[in-house]
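Take a walk through the model below.

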Protein chains: 2
Amino acid sequence: MKQSVFYIPTLKESPKDAEAKSHALMIRSGMIKQTAAGIYTYLPLGLKVLKKIEAIVRDEHHLLGCSEVLMPALQPKDLWEESGRWGAYGPELMRLSDRKDREFCLGPTHEEVITALVRDYLNSYKKLPVALYQIQTKFRDEMRPRFGLMRGREFIMKDLYTFHANEASLNQWYEDVKAMYSRIFDRCGLETKIVASNTGEIGGLEAHEFMVMSEVGEDTVVYCENSSEAYNIEATDLRPGDPCEGGGVVLSAEGIEVGNTFKIGTKYSASMNAFFQDDQGQRQPILMASYGIGIGRTLMAVVEQHATDKGLIWPKSLSPFDIHLIPLNPVDAPVQALYESLKARYDVLIDDRDERPGVKFNDAELIGIPIKVICGRGFSEGRVEFEALGIKKEVALNDLDQEIAQAMNA
Amino acid sequence: MKQSVFYIPTLKESPKDAEAKSHALMIRSGMIKQTAAGIYTYLPLGLKVLKKIEAIVRDEHHLLGCSEVLMPALQPKDLWEESGRWGAYGPELMRLSDRKDREFCLGPTHEEVITALVRDYLNSYKKLPVALYQIQTKFRDEMRPRFGLMRGREFIMKDLYTFHANEASLNQWYEDVKAMYSRIFDRCGLETKIVASNTGEIGGLEAHEFMVMSEVGEDTVVYCENSSEAYNIEATDLRPGDPCEGGGVVLSAEGIEVGNTFKIGTKYSASMNAFFQDDQGQRQPILMASYGIGIGRTLMAVVEQHATDKGLIWPKSLSPFDIHLIPLNPVDAPVQALYESLKARYDVLIDDRDERPGVKFNDAELIGIPIKVICGRGFSEGRVEFEALGIKKEVALNDLDQEIAQAMNA
């Protein structure tokens with residue numbers, strides 16, 4: 001891909017309103033741009049990484065036997081009245097009327113829609129369990145949108161809903177999905193902690209959150225004494241190591257919630273009439289669970305964990321490109337040949353812009369592709385500068401393939 | 001993929017309110033389900049085909065040098081006031097207020113957002129042309145939503161916006177994108193006609209539409225005398241061959257508009273202050289064009305063109321799976337081994353459900369995967385039934401690979 005057409009509008013200065021280093025860096029490196037408070041556009045670089053996170057999420061969901069659907073953002077009021085949440089949900093629910101004055105909300109979550117979707121069809125224990133997920137845009141009218149993609153008003157989530165004939169199946173899936181979530185975050189290069197949480201606006205039997213330890217999160221993560229379970233409390237002034245009123249000591253002053261799991265039970269199926277016939281011929285409400293991953297938040301948490309002062313260094317699984325090829329002079333035939341040769345085997349970004357070396361180096365550092373090949377003064381004599389794994393060295397063109405292969409497999 | 005978990009809720013009867021055969025078939029075959037009037041959920045089968053259309057669209061856009069972005073659905077009123085469209089757009093524009101009474105619309109198109117996005121950065125002719133596109137969910141409050149995905153209120157579109165320093169570049173891109181659109185629809189197995197159209201709510205210098213001839217469209221397509229250009233008029237009672245008041249004869253009574261192109265010019269750049277410095281140092285408004293493809297509509301048009309009375313037969317490029325493996329008895333070790341062997345090389349759907357053969361055959365016909373392998377009575381003696389290209393025959397297991405390869409390459 002040619003950098004001249006990929007549209008990476010980098011900035012020299014940090015935006016004034018960026019409170020988190022990841023937020024500042026994502027804007028400076030041309031990954032995202034604000035369209036309104038808490039509402040962002042993903043630019044090509046940010047979107048390319050986002051798609052890599054989505055691909056990992058899809059891969060793990062398919063391995064577990066989940067099927068992908070796509071539900072609408074517009075949700076009719078009547079479904080939310082069936083569940084009782086139209087009245088119960090706070091001002092975070094964005095509501096609107098159509099031209100015929102019928103009321104809708106912009107979905108912050110899809111328990112009602114999915115329950116209505118399956119309730120006619122999942123009428124027998126023989127058809128259960130079923131696991132349906134989507135990657136979709138959600139809406140929540142935050143009082144104070146902040147930290148860029150972390151607390152936005154329009155955001156991309158993966159949400160999974162599972163349906164069960166009995167508790168054993170519900171519990172088994174609940175544990176399987178938690179294990180899958182750990183694998184997903186692991187593949188994204190993120191360290192997470194699972195903490196117990198309250199069931200909040202989703203409701204149900206129990207809930208957990210996947211937290212990334214960070215300075216910019218909004219929760220305080222506490223580890224309990226005599227227990228392997230952590231829990232989280234609203235942001236406080238407590239520091240790591242401080243004892244906590246509810247027991248345990250503070251593990252991290254702040255955490256970013258990147259995933260959550262809700263063992264719901266029958267809250268929606270009972271109120272919305274989603275019943276099945278069990279193997280004894282008895283009519284029963286379907287047992288449900290729902291599970292979420294903030295896709296944009298995950299991206300932001302990765303940037304937060306992998307950022308340096310000058311830019312970021314992507315984990316290999318999420319890097320927008322494999323190699324950043326940086327010719328310091330206008331692209332001539334030998335550089336073009338090198339680009340073609342690399343492009344045949346790797347995903348390469350070539351900085352073909354008519355810019356000074358300093359501009360190119362600064363942008364490359366901001367963008368953070370882990371392998372850089374620089375065609376500078378020695379190029380006409382068959383040498384390039386090679387940068388990977390934090391080491392910069394001069395390499396003969398003949399040895400470049402081997403160096404790249406080593407760095408890619410490291 | 002196991003059919004038991006892929007969630008394909010087929011229906012025996014056509015839904016009463018489905019006016020178009022594609023609409024009825026997509027619901028009967030479990031591809032989509034209505035959530036509210038003009039608002040649909042894509043079920044796993046429908047979404048899988050949708051993603052194949054999206055992949056073709058992305059592939060062609062990347063070949064042309066376009067970069068993908070993702071803009072928000074929520075668009076602030078102030079941007080639409082800058083362009084003058086907040087007042088000009090009709091009741092199709094869905095409007096809402098946030099908790100602080102600031103007004104937004106749900107974007108039916110993104111000229112304002114993208115112009116605001118690039119206007120600070122594209123300040124020199126050296127940075128032009130730029131081509132940015134997205135595949136994103138759009139909203140339009142249709143008075144009469146109908147024909148399923150054809151005239152919906154929430155729908156998926158690809159929209160491309162190009163920015164130019166001069167007319168030559170604008171015109172060249174306009175023709176290049178039209179040629180790309182023809183390739184995209186061709187790869188989707190769709191026959192389309194390009195017709196001249198008015199510039200409507202987008203505005204600009206000229207516009208074209210890509211029409212699929214059909215009985216369920218909403219436009220009458222007319223061919224002009226002494227011209228290679230067609231145009232379209234609002235749906236009338238005219239039949240093919242009838243002369244038309246505006247000149248030419250009716251080519252098709254109805255057409256489905258699957259794509260459109262707008263050579264905009266400076267309408268948005270001039271009103272929204274998106275200027276660049278040209279090679280003479282003069283300040284000029286950026287020249288723009290915008291181009292759309294209805295992704296869901298394209299899917300529906302494909303179904304409309306490829307449907308039979310009993311189901312559909314997918315063009316190979318869009319088939320949700322390569323092979324439908326249909327064991328008539330419970331899946332035993334030899335069937336499982338066949339499935340594993342096929343799965344290693346092809347995308348296979350196996351009907352592992354505990355259902356009668358009649359149910360399996362009916363569903364398979366509805367779903368329309370072009371290659372079917374049926375493990376029935378002869379299977380224990382090493383024979384399967386093989387169905388492809390409309391021909392059904394018995395095949396020895398030893399010859400199956402060759403038959404599949406032939407059918408795949410046909």
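Two strands count as paired if DSSP finds at least two bridges between them. With that in hand, look at chain A of this predicted model. Three of its strands form an open sheet in the order E4-E6-E5, with antiparallel pairing. Strand E4 (74-76) and strand E5 (94-97) of chain A are the edges, each pairing on one side only. Neighbouring strands here are turned by 40° against each other on average, direction ignored. E5(A) and strand E6 (residues 103-106) of chain A run antiparallel and are joined by four bridges. Within this pair, A:Arg95 has A:Cys105 in E6(A) as its bridge partner.

At one end, strand E20 (residues 383-388) of chain A pairs with E21(A) in the antiparallel sense, over six bridges. There A:Ala388 stands opposite A:Ile391 in E21(A).

Now step back to the whole chain. Chain A holds 12 helices and 21 strands. Its C-alpha atoms fill a box of roughly 80 × 50 × 45 Å along the principal axes. Of the 410 residues in chain A, 48% are buried. Among contacts in chain A between residues at least 6 apart in sequence, 67% join residues at least 24 apart. How confident is the predictor in chain A? The mean pLDDT is 93, and 98% of the residues reach 70 or more. For the complex, the predictor gives an ipTM of 0.95 and a pTM of 0.95.

How are chain A and chain B related? A rotation of 180°, with 0.0 Å of shift along its axis, superposes chain A on chain B at an RMSD of 0.0 Å. The two copies are therefore related as by a two-fold rotation axis. In chain A, the C-alpha nearest that axis belongs to A:Leu96, 2.8 Å away from it.

Next, the contact between the copies. It takes 41 residues from chain A and 40 residues from chain B. On the side of chain A that touches chain B, strand E2 (residues 39-42) of chain A gives the most, with four residues. By class, this side of chain A has 27 nonpolar, five polar and nine charged residues. Why can one say that the copies meet through the same surface? Because 98% of the interface residues of chain A are also interface residues in chain B.

Is B:Leu149 buried or exposed? The cut-off for a buried residue is 20 or more other C-beta atoms within 10 Å of its own. B:Leu149 has 27 within 10 Å, so it is buried. Leave aside its neighbours within four places in sequence, and B:Leu149 is in contact with B:Ile32, B:Tyr40, B:Phe155, B:Gly296, B:Arg297, B:Leu299 and B:Met300. B:Cys66 lies elsewhere: B:Leu149 and B:Cys66 are 83 residues apart in sequence and 27 Å apart in space, C-alpha to C-alpha.

Definitions and conventions
Residues numbered from 1 in each chain as written. Chains lettered and ligands numbered in written order. Predicted model: local features only at pLDDT ≥ 70, side-chain atom pairs only at ≥ 80, totals over all residues. Least-squares fit on C-alpha atoms with pLDDT ≥ 70 in both. Contact = placed C-beta atoms within 7 Å. pLDDT = per-residue confidence, 0-100. Buried ≥ 20, exposed ≤ 12 C-beta atoms within 10 Å, placed from the backbone. Helix = DSSP H or I, 4+ residues; strand = E, 2+ residues; numbered from the N terminus. Nonpolar A, V, L, I, M, F, W, Y, C, P; charged D, E, K, R; others polar. Axes fitted to C-alpha atoms, helices over the stretch in contact; angles between N-to-C directions.
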